[in-house]
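Hi,

Here is the structure I said I would pass on.

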Amino acid sequence: QVQLVESGGGLVQAGGSLRLSCAASGSFRSVNNMGWYRQAPGKQREWVAQITPDGNTNNADSVKGRFAISRDNAKNTVDLQMNSLTPEDTAVYYCNADVHLISGARLIYWGQGTQVTVSS
């Protein structure tokens, strides 16, 4: 069984920074693309950033220049460094991972979410 566990959320003032981390654990062959999504109250979940196994990244326009995604393949972790936060960044943040299982199957897994609240 594969689990993704996020950490690092919290309350921060506008203009501040937070760093989210997500660790994949369990039995699997490898972790392919990893990413972050967020869901604000009353809104649909939206994609934030993605990183490939070889480190290629892509960010949503709303966070470009402010957020940076990174990963450690040896530890199966993915981080999201969030700078210049605004109240509009307030949301529950979820990590996800495309996991290649021992069985040969590939499944998408999600973390439980971590709350980020930015006060004005």
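**The core**

The largest nonpolar core has 32 residues, and those touching the most other members are W36, V48, F67, V78, L80, M82 and Y93. A nonpolar core here is a set of buried Ala, Val, Leu, Ile, Met, Phe, Trp, Tyr and Cys residues joined through side-chain atoms within 4.5 Å. Buried means under 20% relative accessible area, exposed means over 50%, and partly exposed is in between (1.4 Å probe, protein chains only). In soluble globular proteins, nonpolar side chains tend to be buried together.

Before going on, note that this is a predicted model: local features need pLDDT of at least 70, side-chain atom pairs count only at pLDDT 80 or more, and totals for chains, interfaces and linings use all residues. Residues are numbered from 1 along each chain as its sequence is written, and side-chain values use heavy atoms, with hydrogens and water left out.

Back to the core: β1, β3, β4, β5 (46-51), β7, β8 (77-82), β9 and β11 each give it two or more residues. The largest share, 5 residues, comes from β9.

**The four-stranded sheet**

An open sheet is formed by 4 strands in the order β1-β3-β8-β7, with antiparallel pairing. Two strands pair if DSSP finds at least two bridges between them. β1 (2-7) and β7 (67-72) are at the edges with a single partner strand each, so one side of each has no neighbour in the sheet. From one strand to the next, the twist averages 15° (axes are lines fitted to C-alpha atoms, and angles run from 0 to 180 degrees between N-to-C directions). β1 pairs with β3 (residues 18-26) over 6 bridges, and E6 stands opposite C22 in β3.

**The disulfide**

C22 also forms a disulfide with C95, the sulfur atoms being 1.9 Å apart; the cut-off for a disulfide is cysteine sulfur atoms within 2.5 Å. By this rule there is 1 disulfide. C22 is in β3 and C95 in β9 (residues 91-100), so the pair ties together parts that are 73 residues apart in sequence. Both cysteines, C22 and C95, are buried.

**Around β9**

How many of the residues of β9 are buried? The count is 8 of 10, so to speak a mostly covered strand. β9 has these antiparallel partners:

- β4 (residues 30-39), over 8 bridges, with M34 opposite A97.
- β11 (residues 114-119), over 3 bridges, where V116 is the bridge partner of A91.
- β10 (residues 106-110), over 5 bridges, where R106 is the bridge partner of H100.

β9 and β10 make a hairpin with 5 residues between them, and G104 in the turn has a positive phi of about 105°.

A polar atom of its side chain lies 2.8 Å from the backbone oxygen of F67.

Cheers

How values were computed:
A polar contact is a pair of N or O atoms within 3.5 Å; within protein, one must be able to donate a hydrogen and the other to accept it, and residues adjacent in sequence count only if both atoms are side-chain atoms.
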